[in-house]
Amino acid sequence: MTSEDNKAVLGWNTCPECEGHGQVWYEGNGGQTISNPEGRPKEYLDECENCNGTGEVMMDELDWLTE
């Protein structure tokens, strides 16, 4: 069974965090100085932590319910 077959059997949804792109903009600290101890905000693009960069997450039991 290939990984594509597993996806069909298990059921996968597009990741809601990265919307299927696999990367997300995060906000971090751009550096602290003595005059600015809190630092300045810095945005950076990184792999989505929710789907590990795949763009898809496995469906859970609530996804299988119909409205």
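User: Why does Glu49 count as exposed?

Analyst: In this predicted model, Glu49 has a relative accessibility of 64%. Exposed means over 50%, so Glu49 counts as exposed. The residue sits in the loop that joins strand 3 (41-47) to strand 4 (56-58).

User: What is the C-alpha to C-alpha distance between Glu49 and Glu17?

Analyst: The two C-alpha atoms are 8.6 Å apart in space, while Glu49 and Glu17 are 32 residues apart in sequence.

User: What makes the pair of Tyr26 and Tyr44 a tilted one?

Analyst: The search of the whole structure returns 1 aromatic pair. The ring centres of Tyr26 and Tyr44 are 6.0 Å apart and the planes are at 35 degrees. Centres must lie within 6.5 Å to pair, and planes under 30 degrees apart would be stacked, over 60 edge-to-face.

User: Why is Tyr44 called partly exposed?

Analyst: Its relative accessibility is 36%. Buried requires under 20% and exposed requires over 50%, so Tyr44, at 36%, counts as partly exposed.

User: Which residues form the largest nonpolar core?

Analyst: There are 7 of them: Cys15, Cys18, Val24, Tyr26, Cys48, Cys51 and Val57. Membership requires a buried residue of a listed nonpolar type, joined through side-chain atoms within 4.5 Å. In soluble globular proteins, nonpolar side chains tend to be buried together. Buried residues make up 18% of the 67 residues here.

User: Which residues does Val24 touch, leaving out those up to four places away in sequence?

Analyst: Val24 touches Glu17, Cys18, Tyr44, Leu45, Asp46 and Cys48. Two of these, Cys18 and Cys48, are also listed in the largest nonpolar core.

User: Where is confidence lowest, and where is it highest?

Analyst: Helix 1 (residues 3-10) is lowest, with a mean of 51, and strand 3 is highest, at 91. Over the protein the mean pLDDT is 79, and 75% of residues reach 70 or more.

User: How much accessible surface does the protein have?

Analyst: The total is about 5700 Å², and carbon and sulfur atoms account for 47% of that area.

Definitions and conventions. Residues numbered from 1 in each chain as written. Predicted model: local features only at pLDDT ≥ 70, side-chain atom pairs only at ≥ 80, totals over all residues. Heavy atoms only, no water. Buried < 20%, exposed > 50% of the residue type's maximum accessible area, 1.4 Å probe, protein only. Areas by Shrake-Rupley, 256 points an atom, 1.4 Å probe, with all protein chains shown as cover. Helix = DSSP H or I, 4+ residues; strand = E, 2+ residues; numbered from the N terminus. pLDDT = per-residue confidence, 0-100. Contact = heavy atoms within 4.5 Å.
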